Amino acid sequence: MLRIALQVVALILLVLLGYQLATDFGTHPARTLHDVLYWPLVFLGVLVGLAAMMLTGNVITTEKSRGTWDSLRLTSHGAELTFQARWLAVFYNLRGPLAVLFLARVIFVVGILIDLAQYYRGRYLDLLLSGITPAVPVAVGALLLSATMTAALLQPLVAVGMDAAVGLLVSVAVRQPRYDVLARTLLSVMRVMVAVLAILVGSQVFAEMPEVPAGGAWGGILFLSIFGDQGLRLLNLGDSGLLWVDLDYGILIGPMLLVLTLLQAWLVGRVVGWTARLAERAE
């Protein structure tokens, strides 16, 4: 109960901080719920990724202390199943924060659907699609928007899976506990630096969209969506609409993010399997 209470208090404090940032510390009203929750969710996403890296340490050492490692190595797929179980355990241990990240995105998706049905007598999507390059029918636009929303829903789960897989790889590559702690600390610092860089680059692209070259805009937004806010900004229909108008083929960024997210998920599975095989050969 104490753990849950601390998590709830921390979440409330994050939301209050997000409200202050969204209102520029009370100087103007918050425009949308997305504005209020954006920074708390970004911060929480980074924290969850760091926790996933830390929760996957000392796999081999733990099994050796139980006296089960040698038998697991001799069993067909024993080591691989052990690493997969440890990887899956990360999602269970982080189920609370992950639920917050996922449910918040579901709320944003529902909000988008309500806005599309409510504004301009249901022709809001038609207006957003008018004047974009390439011109697409409303049905195609709805499909592309659905791909964008799907990518944003999947991104937190896939990102945590990747962080956990990297943590497993470190547990095999670095056996000494003191060096393991050092390696994870360095990786955590790098993880935070990459997230900050992605947010800075992505925010700059959105702020200066018409003047940014198309290639730089594409790269910056995808960089932000994968390593920064995990597709969260694309769930703001206002930002997405401006992106479609100001950037040629900008409506395809969401579907491209979905493709990259699925490739990322495939890569996570390969990393976990490869790490288990590396552990078997190393012992």
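This is a predicted model: local features need pLDDT of at least 70, side-chain atom pairs count only at pLDDT 80 or more; totals for chains, interfaces and linings use all residues.
Me: What makes up the secondary structure of the protein chain?

Reply: There are twelve helices and zero strands, and from the N terminus on the elements run α-α-α-α-α-α-α-α-α-α-α-α. Helices (H or I, at least four residues) and strands (E, at least two) are DSSP runs, numbered from the N terminus.

Me: Why is Gln230 called buried?

Reply: Buried means under 20% relative accessible area, exposed means over 50%, and partly exposed lies in between (1.4 Å probe, protein chains only). Gln230 has a relative accessible area of 6% and is therefore buried. Across the protein chain, buried residues make up 45% of the 283 residues. Gln230 sits in the loop between helix H10 (214–228) and helix H11 (237–246). Its phi is near 55°, a positive value in a residue other than glycine. Contact means heavy atoms within 4.5 Å.

Me: Why is Tyr249 called partly exposed?

Reply: The relative accessible area of Tyr249 is 43%, and the residue is therefore partly exposed. Tyr249 lies in the loop between H11 and helix H12 (253–282). Although Tyr249 is not a glycine, its phi is positive, at about 65°.

Me: What joins Thr133 and Pro134?

Reply: The two residues are joined by a cis peptide bond, with omega about 0°. Pro134 belongs to the loop between helix H7 (124–129) and helix H8 (138–173).

Me: What share of the contacts in the protein chain with a separation of 6 or more lies between residues 24 or more positions apart?

Reply: Such residues account for 76% of those contacts.

Me: What makes up the lining of the largest pocket?

Reply: The lining has 17 residues, and Thr32, His34, Asp115, Asn236 and Leu237 lie nearest the centre of the pocket. On a 1 Å grid over the protein atoms alone, a pocket is an open set of points with protein on both sides within 12 Å along at least five of seven lines, whereas a cavity is a set where a 1.4 Å probe fits but cannot get out; lining residues have an atom within 4 Å of a point. The space in the largest pocket is about 390 Å³, a volume being the space filled by probe spheres set on grid points joined across faces, edges and corners. Helix H2 (33–54), helix H6 (95–118) and H11 each give at least two residues to this lining, and H6 has the largest share, with five. By class there are eight nonpolar, five polar and four charged residues. Ala, Val, Leu, Ile, Met, Phe, Trp, Tyr, Cys and Pro count as nonpolar, Asp, Glu, Lys and Arg as charged, and the others, Gly among them, as polar.

Me: Why does His34 count as buried?

Reply: The relative accessibility of His34 is 7%, under the 20% limit, so His34 counts as buried. His34 is placed in helix H2. Neighbours within four places in sequence aside, His34 is in contact with Phe108, Leu232, Arg233, Leu235 and Asn236.

Me: Which residues have the most contacts inside the largest nonpolar core?

Reply: They are Ile221 and Trp244, in a core of 65 residues. H8 gives the most to this core, with 13 residues. A nonpolar core is a set of buried Ala, Val, Leu, Ile, Met, Phe, Trp, Tyr and Cys residues joined through side-chain atoms within 4.5 Å. Apart from neighbours within four places in sequence, Ile221 is in contact with Val205, Phe206, Met209, Leu234, Leu243, Leu247 and Ile253.

Me: How many cavities of 30 Å³ or more does a search of the whole structure find?

Reply: The search finds two, and the largest cavity has a volume of about 50 Å³. Among the residues lining the largest cavity are Leu145, Thr148, Leu234, Trp244 and Gly254. H8, H11 and H12 each supply at least two lining residues, and the largest share, three residues, comes from H11. This lining has six nonpolar, four polar and no charged residues.

How values were computed: Residues are numbered from 1 along each chain as its sequence is written. Side-chain values use heavy atoms; hydrogens and water are left out.
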